[in-house]
Amino acid sequence: MDDLVALRDKVAISCNILAIEGHWDNILGHVSARVPGENAMLMKPHSYGFEEIRPYHIIKVDFDGNKIEGDYERHSEVFIHTEIYKARPDVNCVIHSHPPYATAFGSLRQPLRPVSHEGSIFHDGLPLFDYTTVLIRTAELGVKVAEKLEGARAVLMKNHGTTVVAESVETATLYAIFLEKACRIQLLASASGNPSWSSDEEAREKYDQIYTPHRLGSMWDYFVRRAKRLAID
Ligand SMILES: [Zn+2]
């Protein structure tokens with residue numbers, strides 16, 4: 001039970017962090033976390049912006065997409081989350097949002113290169129979901145997203161946004177921030193000329209240097225402190 005309270009707190013602060021770090025989009029976008037040992041997840045509700053979310057807003061939803069706990073409305077794109085959790089037992093957090101640079105980048109059909117450090121996170125694969133650009137409001141479409149994601153850390157969704165996954169809320173939140181930055185840097189560099197990027201070998205070495213569990217832990221702690229310092233209300 002204590003673990004669930006802590007998980008709820010973590011989903012809420014992840015939303016607050018994403019609001020500040022480039023993922024704000026009105027009341028759209030959602031974070032979820034798998035409830036250990038259950039076919040269910042904790043999830044941000046509809047009708048509130050990322051920065052407004054507090055632990056009491058978080059709802060519980062089963063893997064059929066039914067809300068089973070909580071006072072607030074469920075997002076219609078819940079099936080992105082349910083179908084990824086079913087397909088990827090290693091994934092414990094799913095973040096779907098509409099960050100501007102990654103969304104623009106996804107429309108270009110270009111591979112993401114390790115132009116900046118952050119690009120090395122997605123160096124081994126960043127698929128593009130282009131089956132449809134409409135909202136993912138059915139389990140069938142959720143399955144299509146999960147199939148395109150396959151074993152990757154994220155999937156670009158053409159003319160829509162991004163979905164990022166990881167084994168923890170902390171890592172998924174950081175990867176979501178860094179995917180947006182990697183896309184922004186490549187767009188900036190491409191708009192100004194012909195960018196260079198790290199070799200495959202260096203990209204892998206950089207990933208191992210920078211994104212260790214210890215460093216990711218410190219980065220998460222920093223983003224939590226920053227979100228609390230910059231809180232809007
Ligand atoms: Zn969406």
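The model is predicted. Helix H1 covers residues 2-20, and its buried residues are covered by elements that include strands E1, E2 and E5 as well as helices H5 and H7. Strands E2 and E8 each have both faces covered.

**Helix H1 and its surroundings**

- H1 has 19 residues and reaches 28 Å from its first C-alpha to its last, which is close to the 27 Å expected at 1.5 Å a residue.
- The buried residues of H1 are Leu7, Arg8, Lys10, Val11, Ala12, Ile13, Ser14, Cys15, Asn16, Ile17, Leu18 and Ala19, and what covers them includes E1 (30-34), E2 (40-43), E5 (93-97), H5 (169-192) and H7 (213-229).
- Just after H1, Gly22 takes a positive phi of about 95°.

**Packing of H1 against H7**

- Two packed helices are described by the angle between their axes and by the distance between those axes.
- The axes of H1 and H7 come within 9 Å and cross at roughly 75°; an angle of 65 to 115 degrees counts as roughly perpendicular, and H1 and H7 are therefore roughly perpendicular to each other.
- On the H1 side the contact involves Ile13, Asn16, Ile17 and Ile20, which meet Phe223, Val224, Arg226 and Ala227 in H7.
- The residues of this contact between H1 and H7 divide into six nonpolar, one polar and one charged.

**Strand E2 and its partners**

- In E2, Ala40 and Leu42 are buried on one side, while Met41 and Met43 are buried on the other.
- E1 and E2 run antiparallel and are joined by three bridges, with Met43 in E2 as the bridge partner of Ser32.
- These two strands, E1 and E2, form a hairpin with five residues between them, and Gly37 in the turn has a positive phi of about 80°.
- E2 also pairs with strand E3 (residues 59-62) in the antiparallel sense over four bridges, where Met43 stands opposite Ile59 in E3.

- E5 and E8 run antiparallel and are joined by five bridges, and Cys93 stands opposite Ala166 in E8.
- Strand E7 (residues 154-157) is joined to E8 by four bridges in an antiparallel arrangement, and Leu156 stands opposite Thr162 in E8.
- E7 and E8 form a hairpin with three residues between them, and Asn159 in the turn has a positive phi of about 55°.

Key:
Residues numbered from 1 in each chain as written. Predicted model: local features only at pLDDT ≥ 70, side-chain atom pairs only at ≥ 80, totals over all residues. Expected span 1.5 Å × (residues − 1). Buried ≥ 20, exposed ≤ 12 C-beta atoms within 10 Å, placed from the backbone. Contact = placed C-beta atoms within 7 Å. Axes fitted to C-alpha atoms, helices over the stretch in contact; angles between N-to-C directions. Parallel < 35°, antiparallel > 145°, perpendicular 65-115°, else oblique. Nonpolar A, V, L, I, M, F, W, Y, C, P; charged D, E, K, R; others polar. Pairing = 2+ DSSP bridges.
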